[in-house]
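The sequence and structure come next.

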Amino acid sequence: MIKMDAVLVGFGTVGQGVAEAIQMKDQLFVDRFGEGIRIVAAFDSNTYAASKKGLNPTELVRTKVGKGNIGKKRPETIPEMLSRLDYDVLVEMTPTNIVDAKPGIDHIKAALNAGRDVVTSNKGPLALKFREISKLAAKNKCNLRFEASVGGATPVINLASELLRCERISSIRGIMNGTCNYILSRMESEGLPWEPALREAQQLGYAETDPSYDIDGIDTACKVAILANAIMGNDVTVHDVERTGIRGVNLEAVTLAAQDKKVIRLIGEITEKGVEVAPRLIPRGHPLSISGTLNTFHIQTDLAGEIIVAGRGAGRHETASAVMSDLWVIMRTKEPNSHSS
Amino acid sequence: MRVNVDLRLKDVPGQLIGALEPVSRNDGNIVGVVHSHDKVSAGRIGVNLTFEVSSEMNLDKIMNEWTARGVDILKIDHLFETFHLEYVIVGTVSANEMKRITDGIQALGGVESLNVRYSVSSSDEKTALISGKVRSKDVIKKANHFMRERSKRSGFLMIRGFGD
Ligand SMILES: NC(=O)c1ccc[n+]([C@@H]2O[C@H](COP(=O)([O-])OP(=O)(O)OC[C@H]3O[C@@H](n4cnc5c(N)ncnc54)[C@H](OP(=O)(O)O)[C@@H]3O)[C@@H](O)[C@H]2O)c1
């Protein structure tokens, strides 16, 4: 029997989705490992709930949605509590901060220093301090997994770093931001100018009220930095990524491109030459000419040639899907004969 | 660039290898070899060779090495492959700047054709598609570098193609 006691930090869209998925997939884990995942503590920005026997995920979500918080005031800071609590894995899902990676970085370091495994969807610590935390994880023999941080449900990190291990990967190019892709697709299919296309994306809940994080390419640059570090073995931060967003792309540009059988897409690119985010002219019919909000990754390798993977880049259960796959892999590493499966 | 040559070699063992070696030594990539035993004239045999080479400079080196080894070059054809170059630019781009851009790309060499198409616009902002055919990926690389510089200096948005 393998036990997995989890602490959830951050209980917004992704945190609640993960709690629900843990409940939903309980039997799958019980069948394989003899026991399901228990949530022994959960934190939002101000409050927390904890139970050694495990909290009821459905109750947690109901309380959060009903009352706006999940429990009582914290007696100490979250990093202090993460050093003291008894658990196996931290699931870090607080907001991405690309100025100083806080609070996520402090949570991750506290857990790794306490010898706990970490799964995270938070791009900040990975896009700013990748080497520091991966070294700390290695030093303390902890798992650090972050499939959800890039591409939401799309399994690009684990695909490239585990299943394509024998390949020499020469480039990864992708559509990594659903909001930008939605805006560009609508401009092209409906002839919408930039402003109304952006407003439509905001009304549908794809873009934030302050959309600059998406449309200036910052979100894509974070993902490019993470992929470069995790898959291509680089040592870069989001600030090293050369970045042009889609702010200046007007309807005339989209139309001229269309006359030449091309579409304009915001592409994140990791090659041997460098790391870059920029709008590019993509031939119609190319896998990266895809319309809508899906994320798509195009991986160029020496033996396999091209590998293409696409999926939903965001959403409550979509992102939870990636977190669950990381939790599953960690449980497998704890099986006595883990090499056999 | 792709090159096709007709060579004459002495009909003695080791000559063919000797003719191929300079190609690989100078970063060339051999695409095809047609060895014709029947075309023997004055103790020599004919070989038709197709290969790719990255620059004129390397091609010159290969030819010099052949001459030094006593390989006769009867005929040489450049079979150019073309690559597409394309940019959409958006911004307040003056006629002068546009000329600087097209002249600058032409000056890189290896450009077979270059076209500019403007979109009709009511504002000061100009949107244009620059497209062309060039003879190597190396030209695209240089053009990208040049366009990046211009876009930084003049402050227009540059959307480049996917061919590099
Ligand atoms: N949403 C997606 O589809 C998606 C996809 C991939 C990756 N991600 C990443 O996943 C992370 C979570 O995203 P989300 O959409 O779930 O965000 P969210 O809905 O805004 O939730 C963030 C949660 O973190 C909590 N929090 C904020 N500051 C905190 C602090 N200082 N200490 C402890 N908790 C704090 C918030 O508390 P309150 O509830 O009290 O406000 C909230 O529960 C982000 O890093 C995001 O970039 C999201």
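Which element gives the largest share of the lining of the largest cavity? That element is β5(B), with four residues.

This is a predicted model: local features need pLDDT of at least 70, side-chain atom pairs count only at pLDDT 80 or more, and totals for chains, interfaces and linings use all residues. Residues are numbered from 1 along each chain as its sequence is written, chains are lettered from A and ligands numbered from 1 in written order, and side-chain values use heavy atoms, without hydrogens and water.

**Cavity**

Rolling a probe the size of a water molecule over the atoms shows where empty space is left. On a 1 Å grid over the protein atoms alone, a cavity is a set of points where a 1.4 Å probe fits but cannot get out; a pocket is an open set with protein on both sides within 12 Å along at least five of seven lines; lining residues have an atom within 4 Å of a point. A volume is the space filled by probe spheres set on the points, which are joined across faces, edges and corners.

The structure holds one cavity of 30 Å³ or more. The largest cavity has about 50 Å³ of space. It is lined by 11 residues, and B:Glu86, B:Ile140, B:Asn144, B:Gly161 and B:Gly163 are the closest to its centre. β5 (83–91) and α4 (137–154) of chain B each give two or more residues to this lining. Helices (H or I, at least four residues) and strands (E, at least two) are DSSP runs, numbered from the N terminus.

**Pocket and ligand**

The largest pocket holds about 1100 Å³ of space. Its lining has 37 residues; A:Lys123, A:Glu208, A:Asp219, A:Ala314 and A:Gly315 lie nearest the centre. α1(A) gives the most, three residues.

The ligand sits in this pocket (more than half of its atoms lie within 2 Å of the grid points). Around the ligand are 21 residues (a heavy atom within 4 Å). A:Ser45, A:Lys64, A:Thr94, A:Ser121 and A:Gly315 are the closest.
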